[in-house]
Amino acid sequence: MPYGGVPQTPAEHPAASTSLMPPVGSGGQPGAAGGYGTPPPPPPPPAPPAAPAAGGGNGFSQPTTYAKGQPTPARGTRVNAGAPAGGPAGPAVPAAGGAARRPAPAAPAGTGRTRKARLRVTKADPWSVMKVSFLLSLAVGVILIVAAAVLWMTLDSLGVFDSLTKTLKDVTGSDTTGGLNLMDYVGFGKVMSFTVLIAVVDVVLLTALATLSAFIYNTAAGFTGGVELTLAEED
């Protein structure tokens, strides 16, 4: 109760004057040294610029020149950039990675992988079959004509026809008739005419049979699925 009606300031306990908050340093950080008003520490100095690469600042190395007869280092190694041109090269420095690069060993022959594919022939175009068969049969006819001509001339040069003609005349001849003359039947003209006729018939028959076979194959492939083929390819 105040005395005389005048309010009295309450007594302060000594323990109440002690603050429980830690001191605030510079920048508002609790516990920092210097307190308020202390200037911040200077920034760290900038890092020194990196040294330029050997051979100039353009990123390319200087070419190394070797003298005639001078041994060169193994492939994948570096040579000191300070070595004089034409002089002995400096010690070889391994390339990035710690070891010199070595060429990969070649794969032994005959060990490649074999890929196989199964295909099925389901249709043969009759028009293409006819064209191919015609050209093949024509080639066979020409070969037949040439072979017949060469064979006839070979036998005639060996005297086979003369011997056979003489033998037939002796066997079939008589006092009134001269006998059978073989050259009347196997003369060069008659042999070549007969050979050409056979070649023409061969061309027509082979072409027709091949085309008919294509139609028959297409019909059969429609029921059976065609002929299966296995193709292999080595890497």
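My entries follow, by topic.

**Ground rules.** I am working with a predicted model, where local features need pLDDT of at least 70, side-chain atom pairs count only at pLDDT 80 or more, and totals for chains, interfaces and linings use all residues. Residues are numbered from 1 along each chain as its sequence is written, and side-chain values use heavy atoms, with hydrogens and water left out.

**Annotated spans.** I looked up the UniProt record first: its unreviewed entry puts "transmembrane region" at residues 132-155 and 191-217. UniProt positions are in the numbering used here, feature names are shortened, and annotations may be inferred rather than shown by experiment. In the model, residues 132-155 are 100% helix and 0% strand, with end C-alpha atoms 35 Å apart. Residues 191-217 also come out as 100% helix and 0% strand, and their end C-alpha atoms lie 38 Å apart.

**Helix 3.** I checked the length: helix 3 has 37 residues and reaches 52 Å from first to last C-alpha, close to the 54 Å expected at 1.5 Å a residue. That expectation is 1.5 Å times one less than the number of residues. Which residues of helix 3 are buried? I noted Met-192, Thr-195, Ala-199, Val-203, Thr-207, Thr-211, Ala-214, Asn-218 and Ala-221. Buried is under 20% relative accessible area, exposed is over 50%, and partly exposed is in between (1.4 Å probe, protein chains only). An α-helix has 3.6 residues a turn, so residues three or four places apart point the same way. The cover over the buried residues of helix 3 includes helix 1. After helix 3 comes Gly-225, with a positive phi near 95°.

**Ala-124.** This one sits in the loop between strand 3 (114-121) and helix 1. Leaving aside neighbours within four places in sequence, Ala-124 is in contact (heavy atoms within 4.5 Å) with Val-129, Ala-214, Tyr-217 and Asn-218.

**Nonpolar patch.** I found a nonpolar surface patch of about 710 Å², made by Phe-134, Leu-135, Leu-138, Val-142, Val-146, Val-150, Met-153 and Phe-188. Patch residues have over 30% relative accessible area and no salt bridge; like charges are joined within 9 Å, nonpolar side chains (Val, Leu, Ile, Met, Phe, Trp, Tyr) within 5 Å. Helix 1 (residues 126-157) gives the most, seven residues. Phe-188 belongs to helix 3 (residues 188-224), and is partly exposed at 35% relative accessibility.

**Salt bridges.** How many are there? I count three salt bridges, taking a side-chain nitrogen of Lys or Arg within 4 Å of a carboxyl oxygen of Asp or Glu. Arg-115 pairs with Glu-233, closest N and O atoms 3.2 Å apart. That pair links distant parts of the chain, strand 3 and strand 4 (residues 227-234), 118 residues apart. Arg-118 meets Glu-228 at 2.5 Å, N to O, again joining strand 3 to strand 4, 110 residues apart. Arg-120 bridges to Glu-228 too, at 2.6 Å, across 108 residues. I note Arg-118, Arg-120 and Glu-228 as a linked network of salt bridges. On accessibility, Arg-118 is exposed at 63%, whereas Arg-120 is partly exposed at 47% and Glu-228 is partly exposed at 43%.

Key:
Helix = DSSP H or I, 4+ residues; strand = E, 2+ residues; numbered from the N terminus. Areas by Shrake-Rupley, 256 points an atom, 1.4 Å probe, with all protein chains shown as cover.
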